[in-house]
Amino acid sequence: MHEYRFSNALGYTFEQLADLHNRSFSGYFVPITMSAAQVSDFWRVNQIDANCCVVMHDSQGAFVGMARMGTRGTHGWCGGFGIVPEFRGTGASKILANEMVRVAKESGLTQLQLEVLTQNTAAIKLYERVGFVRQRRLLGLEIATSDLPVEPAGLINSVELASLLSWDPFYTVRPTWSLEIPSLLTGNSEALTIADPDDQLNAFIVRRANGIMQIQAVLLRSQLTASEYGALLRALAADCSKVQIYNEPEESPQIPHYKELGFNEFFSQYDMLLKL
Ligand SMILES: CC(C)(COP(=O)(O)OP(=O)(O)OC[C@H]1O[C@@H](n2cnc3c(N)ncnc32)[C@H](O)[C@@H]1OP(=O)(O)O)[C@@H](O)C(=O)NCCC(=O)NCCS
């Protein structure tokens, strides 16, 4: 029977946190190795709370695993949970998950949420065992920009993201943690407005990197056909060769448009919630 020790993340440098992340996520479905700079960005954008993170060692001091926790008011988010390969299948994951839930409760959180890849059976079973409940499916969608329709699109203007916050409603469906307003304001997002064919103004929050435009939020004032919507995306993408959407909730009103436009589903996750 192993004995374990837990600590928060206050005593670690970002270099060390990157190492713990990389070790606990080794062999993951997709490579998600992070540098210290990427970890620091991730913590800033997602309000990862060092006090609420749980780092697990065994009694000999070997690193076992880590649960990262973001907090916003009374809401918490598990933004990374991993056990190093040597301790997988030993029961350690359930002990870490229980400790994460205990810390969340002790911190006064009323709920803890997370996303998990739909093919990650071990993680899903584990989260369900400690009380998380699947809420909905979240889709990762992508298309080559050249496959989007070409139609005349209105003038695109870059605006301050904060100037869109009074848009009502800002969200038509509840976003995932990393697409909530605090993340949009602290990430490297661009806010753009574009008119539809009838001169109604619509707005998009996007992020561009490595020739890919990721759509993070869609604020529509007009009723658009799939083709008109696709043409707006093509105009916004400009020289980006691909358009992607991460974690689009299955109930999003944009899903029928994405399907009609031929977007490919390249991953899917479950949104899980634990009421504390
Ligand atoms: C996910 C992770 C924490 C699970 O820990 P683990 O020690 O490997 O999990 P376990 O072996 O205890 O498996 C958990 C449950 O899933 C079951 N399981 C494991 N692999 C399975 C599979 N391929 N198919 C079906 N069930 C499976 C186990 O039998 C166990 O069920 P039980 O409680 O009924 O016995 C660990 O594998 C890990 O860190 N992976 C890399 C990072 C990662 O995926 N993190 C989650 C991100 S959301």
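Trainee: How many cavities of 30 Å³ or more does a search of the whole structure find?
Mentor: The search finds two of them, and please keep in mind that this is a predicted model.

Trainee: What volume does the largest cavity have?
Mentor: Its volume comes to about 210 Å³, and of the 17 residues lining this cavity, those closest to its centre are Val173, Gln216, Ala217, Val218 and Glu248.

Trainee: Which strands each supply at least two residues of that lining?
Mentor: Those are strand S10, spanning 212-219, and strand S11, spanning 242-249; of the contributions to this lining, that of S11 is the greatest, at five residues.

Trainee: And how does the lining of the largest cavity split by class?
Mentor: There are 11 nonpolar residues in it, along with five polar and one charged.

Trainee: Switching to the second largest cavity, which residues line it?
Mentor: The lining consists of His21, Ser24, Phe25, Met66, Arg68, Gly80, Phe81 and Gly82, around a cavity with a volume of about 30 Å³.

Trainee: Where in the secondary structure does that lining come from?
Mentor: Helix H1 (14-24), strand S3 (63-72) and strand S4 (75-83) each give at least two residues to the lining of the second largest cavity, and S4 has the largest share, with three residues.

Trainee: What about the classes there?
Mentor: For the second largest cavity, the lining counts four polar residues, three nonpolar and one charged.

Methods
Residues numbered from 1 in each chain as written. Predicted model: local features only at pLDDT ≥ 70, side-chain atom pairs only at ≥ 80, totals over all residues. Heavy atoms only, no water. 1 Å grid on protein atoms, 1.4 Å probe; cavity = no way out; pocket = protein on both sides within 12 Å on 5 of 7 lines; lining within 4 Å. Points joined across faces, edges and corners; volume = space filled by probe spheres on them. Helix = DSSP H or I, 4+ residues; strand = E, 2+ residues; numbered from the N terminus. Nonpolar A, V, L, I, M, F, W, Y, C, P; charged D, E, K, R; others polar.
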